[in-house]
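Visitor: I have not looked at this one before. Can you walk me through it?
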Amino acid sequence: MKSYYQMQLDLCNYLKENNLKPSLLLHTCCALCFSSAFMQCKDYFNITVFFYNPNIYPSNEYEKRKQETLRLIDIFQKEYNVTINFIEQIEDFKTYDAKKVHQNKCLDCIHNRLLVSYNYADKHHFDYITTTLTVGRLKNSIMINQLGEMLEKNHQTKYFYSNFKKNNGIGLSLEMKEKYHIYAQNYCGCEPYYQKNEN
Ligand code: SF4
């Protein structure tokens, strides 16, 4: 079976060879992960950033990550002469908490963010959807792609299988961090990890 990174390369090559540039709803968790994912997608897709992260605690941290993503979008638009739309979806995560489907908190968290992203993508007729989450050093890209595959079965939008960690994807985000002085948080997002960092 092909790796998810190989699937990413194959689709990008196909799009390039056929001179296609479909729309991509890029679920984005933070500016740092966005920087690497954007660099890997910008030549192949028309990108809309979908900021849906009700997991981020506390609210000032949420706002900080959102503002930093917006700042980077502005830089990239000017630097690469592209239009990057930004959509913020606000929803109380507790509404999803009530209908957990996995035994694992992180699986539920990522599942929820992908599900809401898929619903938006379908409603607005996007060609593809994916997430910047696979850049994360501690994020399991196989699990994320499997969730994408599972959700694809009940949606019209195609899942862009990808592993943005590969081919020095993390190194690329660190380069961007230096270059653009990107704010980098030291915890993923939810309250227990925030508390741990504070102590
Ligand atoms: S650590 Fe918390 S915020 Fe990060 S994926 Fe897991 S549940 Fe979500």
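Guide: Strand 1 and strand 2 (residues 46-51) run parallel and pair over five bridges; strands count as paired if DSSP finds at least two bridges between them. This is a predicted model, where local features need pLDDT of at least 70, side-chain atom pairs count only at pLDDT 80 or more, and totals for chains, interfaces and linings use all residues. Residues are numbered from 1 along each chain as its sequence is written, and side-chain values use heavy atoms, with hydrogens and water left out.

Visitor: What counts as a strand or a helix?
Guide: Both are DSSP runs numbered from the N terminus: helices are H or I with at least four residues, strands are E with at least two.

Visitor: Which residue is the bridge partner of L24 in strand 2?
Guide: I47 is the partner of L24 there.

Visitor: And how many bridges join strand 1 to strand 4?
Guide: Four, and strand 4 (residues 128-131) runs parallel to strand 1. L26 has T130 as its bridge partner in strand 4.

Visitor: Is strand 1 mostly covered or uncovered?
Guide: Strand 1 (residues 23-27) is mostly covered, with five of its five residues buried. Buried means under 20% relative accessible area, exposed over 50%, partly exposed in between (1.4 Å probe, protein chains only). S23, L25 and H27 point one way, L24 and L26 the other.

Visitor: Switching to helices: what is the angle between helix 3 and helix 7?
Guide: Helix 3 (residues 59-80) and helix 7 (residues 169-180) pack at about 90 degrees, axes 13 Å apart. Axes are lines fitted to C-alpha atoms, for helices over the stretch in contact, and angles run from 0 to 180 degrees between N-to-C directions.
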